[in-house]
Amino acid sequence: MKHLIILLAFCFSLLAGCRSAESPIEAPTLTVVTHDSFSVSEGVISKFEQENNVKVIFLKSGDAGVALNKAILTKGNPLGDVFFGVDNTFLSRALEEGIFSPYVSSNLNSVPEAFQLDSTHQVTPVDFGDVCINYDIAWFETRGLNVPWSLENLTYPEYKDLLVVENPAISSPGLAFLLATVAHFGEDGYLDFWRRLKDNGVVLANDWNSAYYTNFSASSGRGSQPMVVSYASSPAAEVIFADPPRKDAPTASITGKDTCFRQIEFAGILKGSQNETLAGKFIDFMLSRSFQEDIPLQMFMYPVYPGAALPAEFTAFAKTAEEPAMMDPETIAKNREKWIRDWTETILK
Amino acid sequence: MNNPEGRGAPEVTGSGSTWKTWGLLALPLFFLVVFFYLPIINTFKFAFTNTSGRPISPIDLAGIWRPLAFTFYQAALSTGLTLVIGIPAALLFSRFFFKGKRILRTLVMVPFILPTVVVAAGFNSLLGPRGWLNLALMSILNLSTPPIDLLYSLAAILIAHVFYNTSVLIRLVGSAWSRLDIQLEQAGRVLGATGWRNFVEVTFPLLRPSILSAILLVFLFDFTSFGVILLLGGPQFATLEVVIYIQSMHLLNFPAAAVLSGVQMICTITIIVLMARLAGNTIVPLAPRLREEGMRAAGSIKEKVFVFGMVCLLFLIFLVPLLALILRSITRLEFDPGQGNAFQTTFTPVYYQELFTNRRGSIFYVPPIEAMRNSLVYAAMAVVISVFLGMLVSIAHSGMNSKSKWSEVLIALPLGTSAVSLGLGLLLLFNGFNWGAALAVMLVPIAHSVVAMPFFIRTVQPALVSIPITFKHSAAVLGASASRIWREITLPILWRPILAGALFAFTISLGEFGATSFLARPEFPTMPIAISRFLTVPGALNYGQAMAMSTLLMLICAVCVFAIDRLE
């Protein structure tokens, strides 16, 4: 028993030690609830903290769906002041739940109209990314095979067994790709396309992580499929995090018409926040040049502010889609469950 | 064997003891009510009221039945397979001396802490399309495609479950087996029972409580399996847990998720009650034995073959995947694009070096030492909480009639609840309280303890119950006080099971991911969380760092398990 008490005291002192190191002065805090993929540079965030004399705390949990879920379940008694990371596939649902307070950022007029999907201004667009098929450049080159350029191409016999796709019920890129096929083939045609894709040996993984690292041939997992549903920015990440370092990307995205789906991520002030003024300032900050230019290397998404400079790896290797598939958030919110269910019935059973 | 005299149980008779039992149970039950039952009930309430007028999309019976049937099917298969390997393994550890025993004992415990992402990675680096095995076969047989394709199959699920759970059998059944009075087996042999008959009629009935306990834990573990199904099974396979996750976290269909969670909980309760019934009143007193009394080196040819075969099998199952992972963390695999499948491997320390650099200047960068410290501090606190509360429960239960052990159900139920719902429940309930960062940090070890406590109790309780009451009576007659009896009789006998139980709590906490991902503050991530962060971004360095961090987690776990085992 004595040992237990000593152990316990030791643990507390350790924890106390790391806490006191964290916050030397008690500045007011602003809490940002977000998903696991969120990141920001130390320099960028500390500038905001100094200018506003505030300490920013981030709460992260799971992917975009899980994080939003958390925000919905804590409606009225929010976990924080700002929520970042609701995307256009979840947008309508989030607005319906009424978890956000309206706010019009003074920086909003520099954001292109195409990104401003919420006319009620409950949420503000911050970044976007294209979910595209990535391919293993060397694999196609050594075999002298042309890279497919349309969704229809993927059902051709020469591409049999070459594509791995994520489960739209679990993975957000998986859902985005499903939505791209619905947008392109229409509600009556997309399941037919998927049936043909299945006959052509499409491989299904549950999440991005397995699909990319286990199945995809150009990743370090060295899997069997040379094509994977990932992001337009992934080739840039492959260069930045290459080992050994390399000058060119091992992968590239297929960006033909309708082959990519554009995800736009939004931020909003959580209703019930005690810090609405500061929360508004944080939204402005997210649209500021320093944060916008920080986005690509931190989150591997693209800034919505067209004037933000992109890192060299992005301009060289990460091509965004010129004509991505798009769908309005209401249609998605109304049908996502049905489409996922129908897809599951058709493809998995 | 069913001689009622000398049983451990019938100590409780008067109402005074009942009060004592209640007193002991009060704190653990209070803990569970506050940190498990209230959060879960609260989440259920949310699920049904917080739908903002959206029509509840009903989930049809088939939507429940299919995953339910598969859940039972794979759990039964996995448990069966685990028994087939685990029982002989328990025999091996409890009866034989052999070279490398200590290392093997440590090794079999390591999988228990590994987060599923890591197990999936280890599996992939061994058996995957470009795993070592396939690479070797491809170069030996000169094939152009990988010959072994286990990815996304039932076989992969089963192998992973056996990999995870064999340690439960070895620890639980093995520790009971080594405590078994060797004279009973010898008596059987003298009376003419051959090896097998001796096992069936003497050893097995004596081991029954701990075997059933182990089966219960393993079955529930497989029953609520999530990560393994998701990562290794692929989209074709869905357990209830997976469907609950999809419904609640991705379709935001909270009522459906709540109904499914309800079904899962009812199943769990049924299983626990059923197992308690099966266990019945079969507890037989086991006089404490000298530590290595029943141990011997393999003698006959048959025994030698058994020991050699088992050791090889266990090394194959436990060491090889771990080695594959370690190897992967220091190897760079380069494929020559011009050569088809030709590849070259070079050793590199770069992934470990990279762990110490904050390449992107991110505020969420965590040095590996810090992640390690977080993990160890959380684990130590979880051990303290679960050992303390678990001891109270075990003592209370040992004084209770086994038929009235409804509290056993209450305490085991967390095992059948998804880690994600537990994390979410705790977060929602305690979100309203403004109780400072220190206590918010405590939620992580508290969640770990809720899960670890049943493991501790299942390890300690059978041992506690099996102490012959005559020991205590004799001591009392000789004038020993209650506390002295506890100190000088009970504790020395219980020391080993307590250590084994603490070890479970420690490893469960080190490896827990589901609830932690909800509760851990981003500035205090644990090692499993740090690993999963690396795997969300493409790039060889990120993959390599995940492997390196996993290797560190494994090594830390191995060192701790080894040290705790030494205490014995």
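The model is predicted, so local features need pLDDT of at least 70 and side-chain atom pairs count only at pLDDT 80 or more, while totals for chains, interfaces and linings use all residues. Residues are numbered from 1 along each chain as its sequence is written, chains are lettered from A and ligands numbered from 1 in the order in which they are written, and side-chain values use heavy atoms, with hydrogens and water left out.

Contact is defined as heavy atoms within 4.5 Å. Among contacts in chain B between residues at least 6 apart in sequence, 80% link residues at least 24 apart.

Chain B is divided into domain 1 (13-42 + 357-568) and domain 2 (61-348), with bounds from an automatic or database domain assignment. The C-alpha centres of domain 1 of chain B and domain 2 of chain B are 21 Å apart, and 50 residues of domain 1 touch 49 residues of domain 2 in chain B. Together these domains of chain B bury about 4,600 Å², 73% of it on carbon and sulfur atoms; buried area is the accessible area (1.4 Å probe) that two parts lose on being put together, summed over both. On the domain 1 side of chain B, Arg458(B), Phe504(B) and Met554(B) lose the most area to domain 2, together 13% of what that side buries. Across this interface of chain B, the rule finds zero salt bridges, a salt bridge being a side-chain nitrogen of Lys or Arg within 4 Å of a carboxyl oxygen of Asp or Glu. One residue pair is in polar contact there (both at pLDDT 80 or more). A polar contact is a pair of N or O atoms within 3.5 Å; within protein, one must be able to donate a hydrogen and the other to accept it, and residues adjacent in sequence count only if both atoms are side-chain atoms. With 13 residues, H22(B) gives the most to the side of domain 1 of chain B that touches domain 2.

The two chains also meet each other. Their contact takes 76 residues from chain B and 80 residues from chain A, and the area buried between them is about 7,100 Å², 62% of it from carbon and sulfur atoms. Two salt bridges are counted between chain B and chain A. In one salt bridge, Arg66(B) pairs with Glu345(A), with the closest N and O atoms 3.6 Å apart.

Glu523(B) lies in the loop between helix H20 (514-519) and H21 of chain B. Glu523(B) counts as partly exposed because its relative accessibility is 27%. Leaving aside neighbours within four places in sequence, Glu523(B) is in contact with Phe58(A), Glu370(B) and Asn374(B).

Chain A is divided into domain 1 (29-128 + 263-317) and domain 2 (130-261 + 322-347). Their C-alpha centres lie 27 Å apart.

Note on methods. Helices (H or I, at least four residues) and strands (E, at least two) are DSSP runs, numbered from the N terminus. Buried means under 20% relative accessible area, exposed over 50%, partly exposed in between (1.4 Å probe, protein chains only).
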